[in-house]
Amino acid sequence: MRGLREVAAPFVALGPSGVAVRTRLKQLTACDVAVLRQVGVHLGTLASRDLTARCRDGLGHDAEAWAARKRALTPLSSARWAGAITKASHDQWALARRGARAHIQSLEAGVRTLRHRLSLPVGEKGSKGAPGGYRSRREWHAKTRRLHVLEDRLARARADWAAGRVRVVRGGKRLARARHHLSAAGLTEARWRERWQAARWFVQADGESGKRFGNETIRISPSGEVSVRLPAPLTHLANAPHGRYVLTGRIRFAHRWQEWADRVAANRAVAYRIHHDTTRGRWYVTASWQKPATPTLPLTAALTEGVIGVDINADHLAAWRLDTHGNPVGHPRRFSYDLTGPTDHRDAQIRHALTRLLHWATSCGVKAIAVEHLDFTAEKTREKHGSRKRFRHLVSGMPTGRLRARLTSVADQTGITVIAVDPAYTSKWGAQHWQKPLTSTTRRTTRHDAASIAIGRRAQGFPIRRRTAPPRTHQSDGCGHRTAQTGPDTPGREGPRPRIPGPRTRSVPPDTERTRATRTPNTVRDVRSEQEWVQDPLLLTD
């Protein structure tokens, strides 16, 4: 038996720190579209140059280098456009830096696994704690070559990390690679070129508190009028004072409209981004702003009305409601989603499933939802799961990070607290202790349903198993109540036990005195043992 790892304590997940809403730019004229394209192309070119300079600086970048880059961009755009471009370049470099670190960790995990398995004899079986050797000499030789390849990649990645070098593609690496296999991507060269250019445009501006409507570069009034401050070389296209261009159409945010209008009316900072969807041929504007952190409820206060345990799977959410004592209430619920197709479709599926989950939680009156704090960073490596390609695709396709972020964001608006628990052994112990007892002729409890109960009970601080072990002193309740669901002072925690007639001992059957005189022995006994012995009188003779 291998030792079980320590289970971390549950904690309340933090709420969202920002808000982003999007709407469509409608009723645009041909002149509006032409101006937006020219602004995007011009600023996109400047953003590409600035990103190149930022990557060239590497770890030697400092405040003086940042100021020099901004001064170089200001005559070609404006001070505010230059600030937005340099900040976006720095954020993109930092994101690429974090991606490089994650890539190094993945390579280290693969090298570590290969070295361990190659050190074992061929054909040696593994245990639950570690994998065994390879099955044949042919596979051992192939994995030896792969080890050299990974070690070479790891050496290059570590050298790039130490030097501060990152590799960034403006427009996306996936779209750039699609240029070499257009037929497989379902694109023509002209179509690909259109998407590539639109992805490299730059029309976004950070907000400024105290300025009119919260943004001096891209300004949206409470009435929905959109105006853009043109860069210096394009000021001849302005149709409003101070080098501004006012779009013909009006916008309205369908979601969080009142919250956005309050910020704009108070001249609080709001950032905007205008982008073009080449697939649909539409223009969109996204508004984003920071919000103060929502004060989190204590764990005990969030669990006063029970909890809903949620098990995240590749195609559905398995949920079950638990009362305050950790007992499952009602029937399990399943919220399915389809993660095939484009990114927008997958994101919509996740939002729809979470919306139904929160509606059910609101109707039940539950104020807490428990989910697993999953992290598959070390579980996706090819070396750990070998030829189990289907399982690796399944793990990689589970949207754990996006689903958790979406859940905390939406739950914050409904007043529901999200509790994160350690995922260790929830599926295994849930199936062991809850799947069979909750399965009946009318309900089939799945392994995922049982895991949702285990997740909810762990969030409540209860053990996953249905009953604790009896006291060691004796097999009664002398050391306290044995059930983990309720306390000793809870009314109705345990009903009266049925009365069994007769003395409470295993050695004497019930109603012994009444049946002793009438019952017939079932065994043959010795006749001499039933005869009474009487001593004969002594014969006195002479």
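The dialogue below turns to a tyrosine and then to a sheet.

A: This is a predicted model, in which local features need pLDDT of at least 70 and side-chain atom pairs count only at pLDDT 80 or more, while totals for chains, interfaces and linings use all residues. Residues are numbered from 1 along each chain as its sequence is written, and side-chain values use heavy atoms, with hydrogens and water left out.

Q: Is Tyr-272 buried or exposed?

A: Buried means under 20% relative accessible area, exposed over 50%, and partly exposed in between (1.4 Å probe, protein chains only). Tyr-272 counts as buried because its relative accessibility is 2%.

Q: With which side chain does that of Tyr-272 make a polar contact?

A: A polar contact is a pair of N or O atoms within 3.5 Å; within protein, one must be able to donate a hydrogen and the other to accept it, and residues adjacent in sequence count only if both atoms are side-chain atoms. The partner here is the side chain of Trp-260, at 3.1 Å. In space, Tyr-272 also lies 5.6 Å from Ala-205, C-alpha to C-alpha, although 67 residues separate them in sequence.

Q: In what order do the 3 strands of the open sheet run?

A: Strands of a sheet pair through backbone hydrogen bonds, either parallel or antiparallel. Strands are DSSP runs (E, at least two residues), numbered from the N terminus, and two of them pair if DSSP finds at least two bridges between them. Here the order is β4-β5-β6, with antiparallel pairing, and the edge strands, each pairing on one side only, are β4 (218-220) and β6 (244-250). Strand β5 (residues 225-229) is joined to β6 by 4 bridges, and Glu-225 stands opposite Arg-250 in β6.
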